[in-house]
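Please read these notes with the model open beside you. Take the points in order.

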Amino acid sequence: STTAYYLPATKDLFVGDAVINRLHGPILEAASGSWLGILDRLETTFPDARTVHPGHGASGPPSTLYEDERVYLRTCRKIAAEEIARSGFTEAAKQAAVERIDARFPYTNPTGIKDIVRSSVDGLFQELSMPNEAPVR
């Protein structure tokens, strides 16, 4: 879940860490699928928003920021799933996923997490190992 603040008079939407504009976000909580759902809810709940103010990174138009975050999350999920399919839930698969994510997204780390991409891959592997996890979308 997330908390968002909307100012109807200015159409500004403050979304906290639901959007992290072109920076590595922490997916370590094994909830990338839920995160994608939050983006969908923000978009439908605040259709008149003109400017989204993310938790980190520059503010911008909702459609751009939501889509960039979706691409990041979906791509990280896809990379993790491909490496799991190739090598199983192994350290080699995790390392390959980290390298591919770093290569695809040369983003900086806005958090105090030492190796955010590795932590995120650990979370993705945990999430994708859950029996009720929806297919990677």
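1. Ground rules. This is a predicted model: local features need pLDDT of at least 70, side-chain atom pairs count only at pLDDT 80 or more, and totals for chains, interfaces and linings use all residues. Residues are numbered from 1 along each chain as its sequence is written, and side-chain values use heavy atoms, with hydrogens and water left out.

2. Helix α3 against helix α4. Two packed helices are described by the angle between their axes and the distance between the axes. Here α3 covers residues 91–104 and α4 covers residues 116–129. Helices are DSSP runs (H or I, at least four residues), strands likewise (E, at least two), numbered from the N terminus. The two axes come within 9 Å and cross at roughly 125°. Axes are lines fitted to C-alpha atoms, for helices over the stretch in contact, and angles run from 0 to 180 degrees between N-to-C directions. α3 and α4 are therefore oblique to each other. Under 35 degrees counts as roughly parallel, over 145 as roughly antiparallel, 65 to 115 as roughly perpendicular, and the rest as oblique.

3. Who touches whom? Contact means heavy atoms within 4.5 Å. From α3, the residues are E91, A93, K94, Q95, A97, V98, I101 and D102. They meet V117, R118, V121, D122 and F125 in α4. The residues of this contact divide into seven nonpolar, one polar and five charged. Ala, Val, Leu, Ile, Met, Phe, Trp, Tyr, Cys and Pro count as nonpolar, Asp, Glu, Lys and Arg as charged, and the others, Gly among them, as polar.

4. S120. Look in helix α4 for S120. Is S120 buried or exposed? S120 counts as buried, because its relative accessibility is 4%. Buried means under 20% relative accessible area, exposed over 50%, partly exposed in between (1.4 Å probe, protein chains only). Leaving aside neighbours within four places in sequence, S120 is in contact with G25, P26, I27 and L28.

5. Helix α1. Its buried residues include W35, L36 and L42. Among the elements that cover the buried residues of α1 are β2, α2 (62–87) and α4.

6. Most residues other than glycine have a negative phi. K11 has a positive phi of about 60°, although it is not a glycine. K11 sits in the loop between β1 (5–7) and β2 (12–20). K11 counts as partly exposed, because its relative accessibility is 30%. R22 has a positive phi of about 55° and is not a glycine. R22 lies in the loop between β2 and α1 (32–45).
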